[in-house]
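This report describes the fold of one protein chain and the packing of its parts. Please keep the sequence and the model in view while reading.

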Amino acid sequence: MTTIKLKKWDSAEHLKTEEDMAAYLDACIEEAGDDAAFIAAALGDIARARGMTRLSKETGIGRESLYKALSGEGNPSFGTILKVTKALGLRLHTRTI
């Protein structure tokens with residue numbers, strides 16, 4: 001019998017370009033409905049792909065606080081979300097549905 005080793009999926013490992021990151025966030029927003037934690041976790045994936053230390057320096061928010069806020073279990077303020085998206089080079093926008 002062959003043993004198969006499985007690795008936990010980590011979206012951050014697959015977010016290589018800014019286009020990947022923007023498309024990922026768009027898809028997550030589309031799927032999230034009213035689940036704000038899902039969107040925060042998606043931003044956390046993008047932040048980890050970019051580098052949490054770098055993001056911490058750019059936002060002025062401590063690494064530990066970013067990890068917690070963007071874990072999907074935290075409850076980040078909208079101000080934190082805006083700082084993070086700006087530092088990641090992303091912009092939130094609206095459209096009619």
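## Helix α1 and residue E30

E30 lies in helix α1. Helices here are DSSP runs of H or I with at least four residues, strands are runs of E with at least two, and both are numbered from the N terminus. E30 has a relative accessible area of 55%, so this residue is exposed. Buried stands for under 20% relative accessible area, exposed for over 50% and partly exposed for values in between, with a 1.4 Å probe and protein chains only. Between the C-alpha atoms of E30 and E19, which are 11 residues apart along the chain, the separation is 16 Å.

## Basis of the model

The model is predicted: local features need pLDDT of at least 70 and side-chain atom pairs count only at pLDDT 80 or more, while totals for chains, interfaces and linings use all residues. Residues are numbered from 1 along each chain as its sequence is written, and side-chain values use heavy atoms, with hydrogens and water left out.

## Overall fold

The protein has 5 helices and 0 strands, and the order from the N terminus is α-α-α-α-α. Its C-alpha trace spans about 55 × 35 × 25 Å along the principal axes.

Of the 97 residues, 33% count as buried. Among contacts with a separation of 6 or more, 50% come from residues 24 or more positions apart; a contact means heavy atoms within 4.5 Å.

## Packing of α1 on α2

Helix α1 covers residues 18–32 and helix α2 covers residues 36–50; their axes come within 9 Å and cross at roughly 165°. The two helices are therefore roughly antiparallel. Angles under 35 degrees count as roughly parallel, over 145 as roughly antiparallel, 65 to 115 as roughly perpendicular and the rest as oblique. The axes are lines fitted to C-alpha atoms, for helices over the stretch in contact, and the angles run from 0 to 180 degrees between N-to-C directions.

On the α1 side, the contact is made by E18, M21, Y24, L25, C28, I29, E31 and A32. The α2 side contributes F38, I39, A42, L43, D45, I46, A49 and R50. By class, this contact has 12 nonpolar, no polar and 4 charged residues. Ala, Val, Leu, Ile, Met, Phe, Trp, Tyr, Cys and Pro count as nonpolar, Asp, Glu, Lys and Arg as charged, and the others, Gly among them, as polar.

## S11 before α1

S11 is in the segment before α1. With a relative accessibility of 15%, S11 counts as buried. Leaving aside residues up to four places away in sequence, S11 touches Y24 and D45.

In helix α3 (residues 52–59), the buried residues are M52, L55, S56 and T59. They are on the same side of α3 because they cover an arc of only 105° around the axis, taken from the directions from the helix axis to the C-beta atoms. These buried residues pack against α2, α4 (63–69) and α5 (78–87). After α3 comes G60, with a positive phi near 80°.

The axes of α3 and α5 come within 9 Å and cross at roughly 115°, which means that α3 is roughly perpendicular to α5. L55, E58 and T59 in α3 meet K83, V84 and A87 in α5. The contact of α3 with α5 has 3 nonpolar, 1 polar and 2 charged residues.
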